[in-house]
Every structure is written in C-alpha cells, then in structure tokens.
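Have a look at the structure first.

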Protein chains: 2
Amino acid sequence: MARLVLASSSPRRQDLLKMLGLDFIVIPSTIEEEHFNGLSPEEMVRELSRAKAEDVGRSVENALVIGSDTIVVLEGKILGKPANPGEAIEMLKELRNKEHTVITGLAIYDSNTGRTVVDSDQTQVFMGSIQDDDLINYVKTGEPLDKAGAYGIQGIGGAFVDWIKGSYYTVVGLPIHKLVKMLKEFGVSIF
Amino acid sequence: MARLVLASSSPRRQDLLKMLGLDFIVIPSTIEEEHFNGLSPEEMVRELSRAKAEDVGRSVENALVIGSDTIVVLEGKILGKPANPGEAIEMLKELRNKEHTVITGLAIYDSNTGRTVVDSDQTQVFMGSIQDDDLINYVKTGEPLDKAGAYGIQGIGGAFVDWIKGSYYTVVGLPIHKLVKMLKEFGVSIF
C-alpha cells in the first residue's frame, strides 16, 4: 500500500489529517509560493497545489502526495500572509464588515503512476465589525502572522467571523469533504 | 471581578472557551433536556439555555454563568442525541443528501444582578451522499453517540459536510461570535 505524504508544513493541515485518523508523513514542498502570473485565483491555488504535490512526489516512491494551497481574495485582490504585525492590522481593517472569499486548492499525486488529480473549493466568509483595540490585541497574540488574510478561523479569529457559506475546512486550509472522496478514488479510506 | 461558569458538561463547549483563552469553571446544569412543549425550535433552545444558566447561577455567587443548548432540525423534526448505534445510523441516513438546520441557544446569567441575556444562532448544513458502509463505520468510531443529529462537524463527521451557511461554531455548539459580544456587555473581554 502506498504511504500518504503531506507536502505542507502547515500545522492546521497536519491536525486535520490526524483528525481523520490518517497515517501520514510530512515532507514540505520547497516550491516558492509566488503568484502564478496570468492565472485566476482559483487556477493559481490549483496549480500551486499540483506543483507542491509533484515537487515532493518526485522524490518519494510508492506514495500518494497531498499538496494544498490557500488564498484569501478580497474585492479581487489576493491577501497573502502578513509580513509583520503592522501589515496584519491593515489586512484585518480591510476585512472587517465585509465578505471575502477563501479558496483552497487540493492535489493528490500518485508516485506509482505519475497521475495527479487536482481540485479546489471556495468559501465566502463574512467578518462583522471589529473594534480597533480588539484587532490590535488580536495581532499581539501572534495568531495572524503565519496565516493568509491575517486570521485563523480555527482560533481566536473565529470570534470575528459572523458567518460562512461553504466548507469551514476550506477556510482552515484543507477541504476534507473533497479530500476524503479523492483519497477513496486512490483506494484510501478513512475507516 | 465575577468568575465565569460554564453550565454545560459538553467537552466541545469547554474546548471553545479554552480556545478563546477564557478562565472558567464547569458546573453542569441538572435541568432535564426535555422538549419544552408548544415552543418553536428556536424558542426551545433559548429557554433551555436560559434554564441551564439560571439553574446553575442560583447556586454560585459573583458569577457570570453561560448556558447553551444545541438542536438539529430536519424538515421540521427535531433530532436529539441517538439512544444507540442503530438510531445513529438511522439519523445519518435521514440527514445525507439533504439540508438541515442546527440551532444553538446561548444565555448568560449574572448572579450579582439576577439579569439573564439570551440569544440564539442558526446554521444551515448540507451533507452530501454517504455510502451505507461509511456511515456504519462512522458510527462504530463512537463519535456520533453523544451528539445531537448523530454527527460531530469538528471530527470525522466533518468530512460528510459539503457546505454550511452560518457560523461553524453554532454547529459545534457555541456561537462564539455572539458569545464574545455578549461577554463584552458584561465587562469580560477575551483579550
């Protein structure tokens, strides 16, 4: 049986695979998360997910490699990870009282066949009003600094989110409902 | 400063308060979770949340007591916790390929003033197709047995959910975006 490899160092993605009871190893991809020019946000996360899975997949035998990438899109603009606390504060000021979209790409590369299956999923997220003080104190917790869009819905940042339309796990960084179906196609069941 | 009390033995609610960094103690309410006759589902969870908070609140001094209750409504019918694995399988068979509603009530009782504030929140949840085998194996994990509607969105059951409309945490059992605003009214900040 092929072993499962997660081509991501994201602790959130690792936690989700553990939650599903999957056995896996982590080999982070060294692909640069640069923006792929000329692609739509959705194409971009798909291609990045594919690139991550294939990058790691070429170096491991008998493996199914999961690649994934998440971006936050606000009014057509892509928000990446904030470079510093000041940038995190600015991002959160832009996000409050508005709807934005989180898009997560997902790719599975089978190193036995060289085949890659790619998909993506998107979720609308609405943040309510957040007072400046709360936003500044939130950034001080450190939670926003390694996250696209400067918040973690699975942490204190979850209290800023009034509603979502779509999959919660797509916002966290891995659409598990799609992952489980894709893994099944490759003969891997979570049970 | 008043101490915070959670009038619920639900480990999910305890985890969420911890996630928010709140200091609290747990005193489960002994209120029977019987259906309040003649009330709408929303009124029912509100009144149960109020009853839980006030039940515990009367026995503690200088405290803010949080009461909460969650129900699952499918086509007008309330789904409680399954009595046994067979009932859990039947509930999941009813839920798949359909939209249902999760309603969570939330009450805060201030034992210093005798004042209770009550609110509720609801989220639509859509489960995709689930094969009988997967559903039976899911029930074997034990996860569904202590949960209204026989699934946990914060566990393996999350893989059965295609999308939600509303707050994820309302489905887990505590609408944290509303809780944080309510606590603020009582002078408690998460920062």
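Start with A:Ile164, which stands opposite B:Gly166 in strand 7 of chain B. Before going further, a word on what you're looking at: this is a predicted model, in which local features need pLDDT of at least 70, side-chain atom pairs count only at pLDDT 80 or more, and totals for chains, interfaces and linings use all residues. Residues are numbered from 1 along each chain as its sequence is written, while chains are lettered from A and ligands numbered from 1 in the order in which they are written.

Back to the strands. Strand 7 of chain A and strand 7 of chain B (residues 161-166) run antiparallel and are joined by three bridges; strands pair if DSSP finds at least two bridges between them. Helices (H or I, at least four residues) and strands (E, at least two) are DSSP runs, numbered from the N terminus.

Now widen the view to the whole contact, where residues count as touching if their C-beta atoms, placed from the backbone, lie within 7 Å. Chain A brings 24 residues and chain B brings 24 residues. On chain A's side, the elements giving two or more residues are helix 4 (132-140), strand 7 (161-166), helix 5 (168-172) and helix 6 (176-185). Strand 7 of chain A gives the most, with six residues.

Key: Contact = placed C-beta atoms within 7 Å.
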